[in-house]
Amino acid sequence: MIARLFNFHGGIKPDSHKNASAAPPIAAAPLPPRLTIPLRQSVRSVARCLVAPGQRVLKGERIGAGEGPLGTDVHASTSGTVVGLAPCAMAHASSLDTLAVVIEPDGKDEWIERRAFDHRAVPREAALRYLSACGIVGMGGAGFPTHIKLGNGRGIETLIINGAECEPWITCDDRLMRERAAEILSGAAILHELIGARRTLVGIEDNKPEAIRAMREAAAGFPGLVDIVAIPTRYPAGGEKQLIRVLTGIEIAHGKLGTEFGVQCFNVGTAQAVHRAIHHGEPLVSRVVTLTGNVRRPGNYEVLVGTPVETLLALAAPKPDTDRYLMGGPMMGITISDLSVPIGKTSNCIIAASAALFPPPPPELPCIRCGACARACPADLQPFELYWFSRAKNVGKAQEYHLFDCIECGSCAFVCPSHIPLVDYFRFSKSEIWARERELKASDQARERFEFRNYRQEREKEEKAAKLAAKAAETRAKLSGSATPTDAATGDDPKKALIAAALARARQQVAVEPRNTDTPHAGVPGASPGIASRREQPDLHDSDATS
Amino acid sequence: MIHSPYIRKPASVQSVMLAVLLALLPGVTAYVMQVAAVVVVNLLIATVTALVAEALILTLRKRPIAPALSDLSAVVTAWLVVLCFPPILPWWVTVLGVLIAIVAVKHLYGGLGQNPFNPAMVAYCAMIVAFPSLMSQWPPAGQIDFQTQLDLVLGGARQLDAITGATALDAMRTGLRTSGASVDSVLQQSGTFGAVGGRGWEWLALGYLAGGLFMLARRIITWHMPVAFIATLAVVSGIFWLAEPARFAPPLFHLASGGAMLAAFFIVTDPVSGATTPRGKLIFAAGVAVIAYLIRVFGAFPEGIAFAVLLMNLCVPLIDMKTQPAVFGHRGSRP
């Protein structure tokens with residue numbers, strides 16, 4: 001069906017280390033004594049907590065309501081009792097805290113009532129809402145909500161299911177494809193319908209022949225739906241943009257979305273989760289996690305969302321010389337600083353690291369501009385140029401040389417003969433630019449506020465001056481109109497005339513006062529026209545003072 | 001804290017430099033066999049000088065010495081200086097050349113990776129300007145015994161004209177310019193010439209070519225620079241030769257003579273001082289070839305590669321800036 005494959009520039013071929021963990025079938029991880037389910041399960045959105053401590057919840061029960069368009073609901077991963085709401089470390093390089101619901105399982109693993117959802121019987125929007133309510137997010141990378149990625153049902157011609165799994169060590173998608181190919185393809189069929197695609201392609205790196213075979217066999221059950229494509233094994237072929245390029249030839253620039261180019265990409269795990277949600281009524285409460293590295297029993301486990309990493313590790317029996325743990329692959333993963341961090345919907349792999357398996361980097365040497373990094377860069381960047389600019393903190397120039405097109409895949413640092421941690425430099429420059437942009441925005445806002453304040457004061461001053469001038473004119477007119485009879489009645493008494501004028505002014509001011517409340521000087525009403533006009537003419541004061 | 005990636009290819013600056021030194025061995029072997037075995041002594045002198053100079057200047061700069069010495073970059077520089085100098089120079093000229101390359105060109109600009117100019121080429125230019133006669137004494141291939149060579153290098157009496165001949169490029173230039181002879185008659189006159197270039201010396205060109213192919217296979221260098229250099233030199237000399245075969249030497253002569261092959265694979269390919277983008281590399285190497293040819297044929301020096309390289313080094317920032325490759329997603333390549 002697919003005519004040809006396309007190539008992307010660069011890439012690397014690290015040792016895959018996949019065989020050990022890919023051999024045993026997926027096993028269910030035992031219930032942990034406690035589940036810590038973060039309310040933040042998708043990008044840029046934290047769900048609103050719906051439960052209170054002491055409350056009993058069932059497996060799949062909603063415990064957090066997604067907020068905003070990017071929000072997705074969060075569910076209890078097993079039945080049990082909510083014992084608290086506590087901040088927990090996020091599975092993120094920053095280890096920042098996020099609010100989590102802590103559940104003590106009751107051991108029954110009792111589901112809520114599950115009912116299949118007929119997405120064909122309802123409007124498309126309702127089906128998307130249902131997926132959001134089932135907490136379906138991208139399980140391959142950033143956890144972007146699936147209902148957003150499905151777009152508006154128009155203009156997306158090609159649906160891509162990502163089974164490339166290009167990072168070394170990770171095998172969860174491999175096992176998933178070998179064991180649950182039919183579920184993945186059933187999910188792909190649903191995504192295909194919802195997205196309104198014309199063709200669906202599954203990209204799998206050719207170092208996973210069993211997965212390719214299983215998927216091809218399962219594809220026979222979905223005639224005409226998908227094309228299972230074996231793609232050359234080259235990191236980072238599983239990067240969304242690289243996979244789209246390999247399968248379709250389309251290049252999606254930084255900041256652009258696949259939908260703009262008529263193509264959209266979902267991970268195989270996401271497709272399977274969509275199948276479970278639609279056909280079994282199960283929200284996303286578990287995922288397959290690879291436990292591998294410096295361990296005695298590498299393998300893949302079906303793990304409940306919220307299971308702390310530390311309780312999982314015993315399953316794999318880490319060897320004694322393990323010195324730290326990585327979450328994700330060795331190319332883009334993070335070091336886990338706190339082992340109580342829970343498994344989230346995007347946690348695909350835990351690697352036990354030892355100095356022997358992942359030796360500390362040799363000392364950094366000067367860049368010799370050999371260009372190995374540029375030859376390895378899948379984004380066609382010149383990493384060494386970005387490095388020079390970053391080193392000089394010339395981040396503007398780095399930005400000009402497309403720093404933000406860097407996907408931080410680590411290929412450049414992998415090949416660098418000078419062992420320069422290039423990606424760290426780029427992360428530094430990016431954060432520096434973000435900080436500067438924030439500062440710039442803040443100072444822009446401050447300047448705008450200040451300028452508006454000046455403008456407003458000026459305007460009020462003018463308004464007040466105009467008002468007072470009008471009032472003065474009115475008073476004068478009134479006085480000259482009433483002066484004659486008063487004069488006639490009281491004779492030539494200037495004192496009385498003054499008193500009368502003052503009274504008239506006072507009356508005037510009482511009447512005017514409410515209209516003055518929007519001025520900053522509303523609290524000091526009663527200024528006579530004379531005083532007011534003097535107050536409004538600081539120049540006169542100045543000239544008085546100097547004379 | 002250490003960040004991703006946690007794995008690295010087992011590559012190092014040292015392994016790159018070692019590969020370059022290995023790649024020079026066929027050329028050095030041809031040198032020893034065909035021209036002057038004393039080049040080995042020169043390589044030794046230069047290597048020691050380079051390492052001592054590097055250690056001293058690093059001490060002055062208060063930088064760690066061990067990693068810089070073990071990266072072998074100074075040794076590569078030293079060997080290139082020797083290979084572009086005449087082999088029967090007094091030892092102190094070699095020492096001076098290496099000092100210029102290491103101290104002035106490399107470390108005064110900030111050390112490894114920072115020098116805008118090719119160290120060996122600056123050393124060559126400085127020496128040919130300072131000691132034009134010494135730097136023009138090229139021995140005819142295989143006519144001086146090793147003892148004499150050693151005496152010349154280590155400071156024996158010099159009887160210049162008796163032992164040195166003209167290089168192929170020099171003989172061709174002199175023949176064409178002063179005697180007004182045709183290319184063919186010059187080639188027949190003198191015993192200086194071999195099959196295509198200088199007698200004996202052409203074997204060196206072959207050795208450097210072999211080493212260059214080894215580096216290409218090991219991906220130490222990319223094809224851009226050697227191909228652009230060789231192709232441009234061939235095309236430019238070919239045009240002149242076709243226009244007037246009697247006055248201009250054929251392309252093969254230019255490729256096999258002087259430092260053409262050494263330059264194509266080891267000099268223009270210096271990553272530090274050369275252009276870095278794929279298109280930039282083509283422009284850089286082509287520029288060197290054009291300027292080198294013009295100096296050889298119309299200039300005041302028989303060999304112009306060193307000056308050509310330095311002139312093109314000057315253009316590198318501009319070339320790199322103007323030849324940045326299109327970035328993924330920014331070339332509008334919808335199929």
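Predicted model: local features only at pLDDT ≥ 70, side-chain atom pairs only at ≥ 80, totals over all residues.
How much accessible surface does chain A have, and what share of it belongs to carbon and sulfur atoms? The accessible surface of chain A comes to about 24700 Å², and 55% of that area belongs to carbon and sulfur atoms.

**Chain A as a whole**

- Chain A contains 17 helices and 17 strands, and of its 547 residues 52% count as buried.
- When contacts in chain A between residues at least 6 apart in sequence are considered, 73% of them join residues that are at least 24 apart.

**Chain B as a whole**

- Chain B has 16 helices and 0 strands, and 55% of its 335 residues count as buried.
- The radius of gyration of chain B is 21 Å, which agrees with the value near 20 Å that a compact globule of 335 residues would have.
- Of the contacts in chain B with a separation of 6 or more, 76% are accounted for by residues 24 or more positions apart.
- Chain B exposes about 14000 Å², and carbon and sulfur atoms supply 69% of this area.

**An enclosed helix in chain B**

- Helix α14 of chain B covers residues 260-267, and because 8 of its 8 residues are buried, this helix is largely enclosed by the rest of the structure.
- The buried residues of α14(B) include Met261(B), Leu262(B), Phe265(B), Phe266(B) and Ile267(B), and among them are also Ala260(B), Ala263(B) and Ala264(B).

**The interface between the chains**

- In the contact between the two chains, 57 residues of chain A meet 40 residues of chain B.
- The size of an interface is often given as the accessible area lost when the parts come together.
- Chain A and chain B bury about 4100 Å² between them, and 59% of this buried area is on carbon and sulfur atoms.
- On the side of chain A, Glu251(A), Ile368(A) and Arg369(A) supply 17% of the area that this chain buries against chain B, which is more than any other three residues supply.

**Cis peptide bonds**

- In chain A, Tyr235(A) and Pro236(A) are joined by a cis peptide bond with an omega of about 0°, and Pro236(A) is found in the loop between β11 (226-231) and α7 (240-248).
- In chain B, a cis peptide bond with an omega of about -5° joins Ser4(B) and Pro5(B), and Pro5(B) lies in the segment before α1 (13-35).

- His419(A), a residue other than glycine, has a positive phi near 55°, and its place is the loop between α13 (411-415) and α14 (422-490) of chain A.
- Because buried means under 20% relative accessible area, His419(A), at 9% relative accessibility, counts as buried.
- Lys62(B) is not a glycine either, yet its phi is positive at about 55°, and this residue is placed in the loop between α2 (39-60) and α3 (66-70) of chain B.
- With a relative accessible area of 74%, Lys62(B) is exposed, since exposed means over 50%.

How values were computed:
Residues numbered from 1 in each chain as written. Chains lettered and ligands numbered in written order. Heavy atoms only, no water. Helix = DSSP H or I, 4+ residues; strand = E, 2+ residues; numbered from the N terminus. Rg over C-alpha atoms; globule rule 2.2 N^0.38 Å. Buried < 20%, exposed > 50% of the residue type's maximum accessible area, 1.4 Å probe, protein only. Contact = heavy atoms within 4.5 Å. Areas by Shrake-Rupley, 256 points an atom, 1.4 Å probe, with all protein chains shown as cover. Buried area = accessible area lost by both parts, 1.4 Å probe.
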